[in-house]
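Thanks for coming, everyone. I have one structure to show today. Let me put it on the screen.

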Amino acid sequence: MSHNSRIYRVYTTAQVEALDLSLYQANLRANNEGTEYILEFIDTPENIDDCLSHSEALALMQTDLWVSEPFKLEAE
């Protein structure tokens with residue numbers, strides 16, 4: 001998958017707990033407070049409102065508000 005086709009979305013902790021995690025890549029990034037997460041879609045969603053491109057997500061992840069290491073998302 002090229003970087004240009006990657007689609008991301010920022011979610012709160014409560015939103016992540018209610019998601020169907022099978023729709024997302026296994027890695028996610030959390031902000032330093034653990035209150036928001038960036039998840040990468042496996043396939044482009046129908047509604048891409050409020051989504052981030054690869055470059056937008058990368059720019060956000062490089063700010064001081066986000067931790068530097070991704071961790072594995074474990075689907076239930």
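Start with the largest pocket. Its lining draws at least two residues from each of β2, β3 and α2. This is a predicted model, so keep that in mind throughout. Which element gives the largest share of the lining? That is β2, with four residues. In total, 13 residues line the pocket. Nearest its centre are Tyr-8, Asn-27, Arg-29, Glu-40 and Met-61. The volume of this pocket is about 210 Å³.

Now step back to the whole chain. The protein has two helices and five strands. Along the sequence, they run β-α-β-β-β-α-β. There are 76 residues, and 32% of them count as buried. Next, take contacts between residues at least 6 apart in sequence. Of these, 69% join residues at least 24 apart.

On to helix α2, residues 54–61. Its buried residues are His-54, Ala-57 and Met-61. Where do they sit around the helix? Looking down the axis of α2, the buried residues fall within an arc of 70°, so they line one face. What do they pack against? Four strands: β1 (7–12), β2 (24–30), β3 (36–41) and β4 (51–53).

Next, the nonpolar cores. The largest one has eleven residues. Among them are Ile-7, Tyr-11, Val-16, Leu-21, Leu-28, Tyr-37, Phe-41 and Cys-51. The elements giving two or more residues to this core are β1, β2 and β3. A second core is separate and has six residues. It includes Tyr-8, Leu-52, Met-61 and Trp-66.

Leave out residues up to four places away in sequence. Val-16 then touches Tyr-11, Leu-21, Tyr-37 and Leu-39.

Tyr-37 sits in strand β3. Is this residue buried or exposed? The cut-off for buried is under 20% relative accessible area. Tyr-37 has 14%, so this residue is buried. Its side chain also has a polar atom 3.3 Å from the backbone oxygen of Gly-34.

I am happy to take questions.

Conventions:
Residues numbered from 1 in each chain as written. Predicted model: local features only at pLDDT ≥ 70, side-chain atom pairs only at ≥ 80, totals over all residues. Heavy atoms only, no water. Buried < 20%, exposed > 50% of the residue type's maximum accessible area, 1.4 Å probe, protein only. Arc of directions from axis to C-beta. Contact = heavy atoms within 4.5 Å. Core = buried A, V, L, I, M, F, W, Y, C linked by side-chain atoms within 4.5 Å. Polar contact = N/O pair within 3.5 Å; in protein donor to acceptor, adjacent residues only side chain to side chain. 1 Å grid on protein atoms, 1.4 Å probe; cavity = no way out; pocket = protein on both sides within 12 Å on 5 of 7 lines; lining within 4 Å. Points joined across faces, edges and corners; volume = space filled by probe spheres on them.
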